[in-house]
Amino acid sequence: MAMDGESAKNRAIITVLGSDRSGIVAAVAGALAEHDANILDISQTILQGIFTMTMLVDLGDADVVFAELQEQLGALSKELGVQITMQREEVFNFMYRL
């Protein structure tokens with residue numbers, strides 16, 4: 001999928017990892033929706049009780065800056081007892097290039 005540089009700067013990868021329990025997807029999606037962040041793609045799986053989720057999110061219309069949303073997701077991480085990380089898509093792609 002081709003995109004201009006400006007679009008790529010507005011996108012982030014969010015990963016969630018931890019023990020499975022109800023409400024994780026709803027809590028993360030709700031936190032993003034509160035700030036007008038749009039989930040472009042989402043994948044989740046549960047492996048023997050371990051919950052994993054990866055999201056591609058568009059922050060172009062978000063009403064908070066990247067660092068503030070990252071901080072709020074950090075607080076949510078503690079509430080839910082899971083690990084939540086958010087990276088800019090361009091940084092994620094650079095780190096995990098093949």
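The protein chain exposes about 6,100 Å², of which carbon and sulfur atoms supply 52%; accessible areas come from the Shrake-Rupley method with a 1.4 Å probe, and for residues only the protein chains shown count as cover. This is a predicted model, in which local features need pLDDT of at least 70 and side-chain atom pairs count only at pLDDT 80 or more, while totals for chains, interfaces and linings use all residues. Residues are numbered from 1 along each chain as its sequence is written, and side-chain values use heavy atoms, with hydrogens and water left out.

**Overall fold**

- The protein chain contains four helices and four strands, which are DSSP runs numbered from the N terminus (helices: H or I, at least four residues; strands: E, at least two).
- Along the sequence, these elements follow the pattern α-β-α-β-β-α-β-α.
- The protein chain has 98 residues, and 32% of them count as buried (buried is under 20% relative accessible area, exposed over 50%, partly exposed in between, with a 1.4 Å probe and protein chains only).
- Among contacts (heavy atoms within 4.5 Å) between residues at least 6 apart in sequence, 65% join residues at least 24 apart.

**Surface patches**

- Patches are made of residues with over 30% relative accessible area and no salt bridge; like charges are joined within 9 Å, and nonpolar side chains (Val, Leu, Ile, Met, Phe, Trp, Tyr) within 5 Å.
- A salt bridge is a side-chain nitrogen of Lys or Arg within 4 Å of a carboxyl oxygen of Asp or Glu.
- Leu17, Leu47 and Ile50 make up a nonpolar surface patch and together have about 270 Å² of accessible area.
- Leu47 belongs to strand E2 (residues 38-47) and counts as exposed because its relative accessibility is 55%.
- Asp36, Asp61, Asp63, Glu68 and Glu71 form a negative surface patch; Lys and Arg count as positive and Asp and Glu as negative, with His and the chain ends not counted.
- The place of a charge is taken as NZ of Lys, CZ of Arg, CG of Asp or CD of Glu.
- Glu71 is situated in helix H3 (residues 66-80), and its relative accessibility of 62% is why Glu71 counts as exposed.

- Most residues other than glycine have a negative phi.
- Asp36, although not a glycine, has a positive phi of about 60 degrees.
- Asp36 is found in the loop between helix H2 (24-34) and E2, and its relative accessible area of 47% makes Asp36 partly exposed.
- Gln48 is not a glycine either, yet has a positive phi of about 45 degrees.
- The loop between E2 and strand E3 (50-58) holds Gln48, which is exposed, with 86% relative accessibility.
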